Amino acid sequence: MAREPREGGRGGRDRDREGDDLVDKLVTINRVAKVVKGGRRFAFAALVVVGDQKGRVGFGAGKAREVPEAIRKATDRAKRAMIRVPMKEGRTLHHDVAGHFGAGKVVLRSADAGTGIIAGGPMRAVFESLGINDVVAKSLGTRNPHNMVKATFAALERCASPRSVANRRGKKVSDILGRREAAVATEATADV
């Protein structure tokens, strides 16, 4: 018996939709079959990343008998589970960070202006939705899109701005970064 080609696959399809100033990206669609007495029943599972390209991002998964319904469910779940990520100068991360989920491990590194997004498919969708323009990311371990996205979110939740670290320690931003970097950081966080 011949195998049928997969829908979506590893790379998935990107789809931009504007609405409520949110951008959603379809990371992957997976078709699953349930064998019943009369034959096979097909269902679809979708993974979607939603963001406002200004520091808020979320992801969601949805399953349904039809592709549009699965995408709608995933988008609704992503909108409900959005997180805020502090960004340096509105374009990159403040510091390098690692995250893991299951067998998926990711390393995210801040980058100089003009570097661009150097990341694999599922992580690229997260960064584009988030609004990060300069980042270097590497996925170690699994290539499963669900685990890669969850590991990326685990890393992003660990990101902290210099201002929040200074408040937590009871110090000034200049004590943590140094004089010159502190002036630039306070200007950048005031814009966000």
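Buried means under 20% relative accessible area, exposed means over 50%, and partly exposed lies in between, with a 1.4 Å probe and protein chains only.

Some ground rules. This is a predicted model, where local features need pLDDT of at least 70 and side-chain atom pairs count only at pLDDT 80 or more, while totals for chains, interfaces and linings use all residues. Residues are numbered from 1 along each chain as its sequence is written, and side-chain values use heavy atoms, with hydrogens and water left out.

Confidence next. pLDDT is the predictor's confidence in each residue, from 0 to 100. The chain average is 85, and 82% of the residues score at least 70. Residues 1-19 have pLDDT below 50. In the model, that stretch still has 38 contacts beyond near neighbours in sequence, a contact being heavy atoms within 4.5 Å. Where pLDDT is low, the predicted coordinates should not be read in detail.

Now the salt bridges. The criterion is a side-chain nitrogen of Lys or Arg within 4 Å of a carboxyl oxygen of Asp or Glu. Side chains of opposite charge can pair when their charged atoms come close. The count here is 6 salt bridges.

Start with Arg91 and Asp134. Their side chains form a salt bridge at 3.2 Å, N to O. The pair links distant parts of the chain, 43 residues apart. Arg91 lies in the loop between strand 5 (83-84) and strand 6 (97-101). Asp134 lies in the loop between helix 2 (121-130) and strand 9 (135-141). For the element names, helices are DSSP runs of H or I with at least four residues, strands are runs of E with at least two, and both are numbered from the N terminus. Are Arg91 and Asp134 buried or exposed? Both are buried.

Compare Arg72 and Asp76. Their closest N and O atoms are 2.8 Å apart, in a salt bridge. They sit in helix 1 (residues 67-80), 4 residues apart, so about one helical turn separates them. Arg72 is partly exposed at 38% relative accessible area. Asp76 is partly exposed too, at 28%.

Helix 2 has a pair as well. Glu128 and Arg124 form a salt bridge at 3.9 Å, N to O. Again the spacing is 4 residues, about one helical turn. Glu128 is partly exposed at 24%, and Arg124 is partly exposed at 30%. Shared partners join Lys25, Arg124 and Glu128 into one salt-bridge network.

On to the strands. Two strands pair if DSSP finds at least two bridges between them. Strand 3 (residues 39-51) pairs with strand 4 in the antiparallel sense, over 8 bridges. Val49 stands opposite Phe59 of strand 4. The two strands form a hairpin with 4 residues between them. In that turn, Gln53 has a positive phi of about 60 degrees. Strand 4 also runs antiparallel to strand 5, joined by 2 bridges. There, Val57 stands opposite Ile83.

Gly62 is buried, at 0% relative accessible area. What does Gly62 contact, leaving aside neighbours within four places in sequence? Phe44, Ala45, Ala46, Ala70, Lys73, Ala74 and Arg77. Gly62 and Phe44 are 18 residues apart in sequence, with 8.2 Å between their C-alpha atoms.

Last, the nonpolar cores. A core is a set of buried Ala, Val, Leu, Ile, Met, Phe, Trp, Tyr and Cys residues joined through side-chain atoms within 4.5 Å. In soluble globular proteins, nonpolar side chains tend to be buried together. The largest core has 28 residues, and Leu93, Leu108, Met123, Phe127 and Leu156 touch the most other members. Strand 3, strand 7 (104-110), helix 2, strand 9 and helix 3 each supply at least two residues. Helix 3 gives the most, with 6. Domain 1 (23-83) and domain 2 (86-168) each contribute at least three residues to this core; those bounds come from an automatic or database domain assignment.

Take Leu156. Beyond residues up to four places away in sequence, Leu156 touches Ile83, Val85, Leu93, Leu108, Val126, Phe127 and Leu130. A second, separate core has 13 residues, including Leu22, Leu26, Ala46 and Ala64.

One more from helix 3 (residues 145-157): Asn147. Asn147 is buried, at 17%. Outside four places in sequence, Asn147 contacts Phe101, Ala103 and Thr142.
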